[in-house]
Amino acid sequence: VRLHVPGHSITCCGCAFSPAGSLVASADFGGNIHLWHSDQSAATPLLSINVGFVPIRALVWHPTDVAQLFVGHTDGTLSRCVLGNLSQLQLWAAGSSIGAPSVVTTASSACALASAPSAVPHTAQSVVRRADLPHLSSISRVAELSGAITCLRWSHQNDAALGAGSGTATVERRPTPRRMCSSLPPLRLAVCTSDGDLLVYEERASADVAQGTRSLALLFSFKAHCPVEPVEGEFDPKFGSLRKYAEIWSCAWSPDNHYLATCSEDQTTRVWNCDSGALLHTLRGHTTAVTTVDWRHTALGELLVTGADDQTLMVWRCDREHNHGDDEVKSRSALSFCLVHTFCTSKLLQWHTVTYLALMERSPFVVAVTQNGYVCVWDLVSKKEIFMYHLHSASIEGLVWHCTGRLVTVSSDCTANVFRLTGVKPSDCLELDC
């Protein structure tokens with residue numbers, strides 16, 4: 001464990017790496033966001049932000065801009081936080097200011113975000129701030145959705161530009177307006193809700209000159225997962241809550257960003273065309289809610305892995321034909337899935353579910369975390385368990401992998417851990433430095 005931080009006082013639910021992996025953000029049900037340096041054990045965060053008392057359910061950093069964090073709340077609010085004084089933040093990200101005093105900014109009231117216009121300079125109520133330190137510059141409301149926001153996921157980026165495979169984080173850089181308006185493929189943000197809704201936003205070229213940010217335009221929004229109606233007999237609540245909706249618990253972009261997978265309380269994983277929103281495939285096999293999904297190029301090729309409350313992970317091989325196009329029939333035939341293996345966590349004995357998983361890019365490992373605080377690692381090539389390690393004392397409510405090799409977990413035990421897998425033997429895989 002490279003970093004173990006007990007800085008929260010209520011359930012943590014949401015974590016993210018900065019673009020280059022130098023900083024870690026952790027969020028909690030009290031509306032707090034803490035920023036930490038990913039390579040330095042610290043008793044206090046570099047920066048603390050409170051965005052109101054609405055619990056935070058999902059958190060993601062902008063994939064190219066260290067100044068922007070996107071936050072999903074349990075009341076359905078999707079917000080953008082913009083950090084000020086980037087020069088100092090970049091020094092922190094480079095590790096040159098460890099030990100600087102933490103900065104605490106708080107929202108003026110619990111409803112400050114809900115009543116805010118599209119972009120408002122953030123005025124703190126209880127602020128410990130110097131002019132030369134980073135701070136929360138503004139909060140903007142992107143959308144207000146029905147149901148809690150359960151997952152936020154940006155489309156994949158070129159990790160090589162951020163130091164992929166180097167094993168160390170690089171200096172965070174904020175894109176210039178010229179770069180922001182370049183001809184690079186547009187970034188897309190997938191948003192999932194507890195009402196079963198899937199929304200995909202696209203970042204547009206019109207930049208906000210004052211904030212240096214770009215606008216998000218809604219590409220499509222629809223009910224991606226619905227409760228399963230029984231053929232006969234009583235409705236089974238395992239297929240959706242209160243017979244009204246089937247929560248989407250996680251989503252994952254395909255490596256080429258053409259497709260998006262969503263997994264749900266309805267026990268299925270669905271694959272969508274990201275340009276049209278058309279349903280291409282429905283993957284079945286889990287016997288309870290599917291809680292987590294990831295989709296990456298691995299040492300075994302392109303894989304999609306799902307995890308569920310039934311204490312299993314299903315590994316699906318993705319096969320492609322080179323006839324991708326706008327036609328939905330061609331898109332459907334160009335993509336196929338084959339179940340190749342199932343991993344199980346039942347040996348943990350204690351009652352638990354699989355809460356999150358992460359595939360490691362170009363790696364043979366898949367990592368999963370559980371509701372009783374375990375981190376589990378398997379080798380996809382040998383199909384063997386590497387280890388199961390009790391990392392948290394309560395449910396793990398977030399897991400994110402970064403291309404530098406780091407992973408971060410957050411838990412309802414109010415702590416966050418940053419760690420790295422370093423070998424294949426149980427004694428070597430987890431670096432224990434704390």
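Colleague: What does His 34 touch, and what makes those residues count as contacts?

Modeller: Leaving aside residues up to four places away in sequence, His 34 touches Gly 7, His 8, Val 24, Ala 25, Ser 26, Pro 45, Leu 47 and Ser 48. Contact here means heavy atoms within 4.5 Å. Before we go on: this is a predicted model, with residues numbered from 1 along each chain as its sequence is written. Local features need pLDDT of at least 70, side-chain atom pairs count only at pLDDT 80 or more, totals for chains, interfaces and linings use all residues, and side-chain values use heavy atoms, with hydrogens and water left out.

Colleague: Over to Lys 347: why is it labelled buried or exposed?

Modeller: Its relative accessible area is 52%, so Lys 347 is exposed. Lys 347 touches Glu 385 and Met 388, again not counting residues up to four places away in sequence, and its side chain makes a polar contact of 3.3 Å with that of Glu 385.

Colleague: How do you know that Phe 70 and Trp 154 are an aromatic pair, and which kind?

Modeller: Rings of Phe, Tyr and Trp (its six-membered ring) pair if their centres lie within 6.5 Å; planes under 30 degrees apart count as stacked, over 60 as edge-to-face and the rest as tilted. The count by this rule is six aromatic pairs. For Phe 70 and Trp 154 the centres are 5.4 Å apart and the planes make 80°, which is edge-to-face.

Colleague: What makes that pair tie parts of the chain together?

Modeller: Phe 70 lies in strand β7 (residues 68-73) and Trp 154 in strand β12 (residues 149-154), so the pair ties together parts 84 residues apart in sequence. Strands are DSSP runs of E, at least two residues, and helices are runs of H or I, at least four, numbered from the N terminus. Phe 70 is buried at 0%, and Trp 154 is buried at 7%.

Colleague: Why is the pair of Trp 295 and Phe 337 given its class?

Modeller: With 5.6 Å centre to centre and 65° between the planes, Trp 295 and Phe 337 are edge-to-face. Trp 295 sits in β20 (residues 290-298) and Phe 337 in β23 (residues 335-344), so this pair joins parts 42 residues apart in sequence. Trp 295 is buried at 0%, and Phe 337 is buried at 15%.

Colleague: Which strands stand at the edges of their sheet, and why?

Modeller: The open sheet runs β16-β17-β18-β19, with antiparallel pairing. β16 (248-253) and β19 (279-283) each have a single partner strand, so one side of each is left without a neighbour in the sheet.

Definitions and conventions: Buried means under 20% relative accessible area, exposed over 50%, partly exposed in between (1.4 Å probe, protein chains only). A polar contact is a pair of N or O atoms within 3.5 Å; within protein, one must be able to donate a hydrogen and the other to accept it, and residues adjacent in sequence count only if both atoms are side-chain atoms. Two strands pair if DSSP finds at least two bridges between them.
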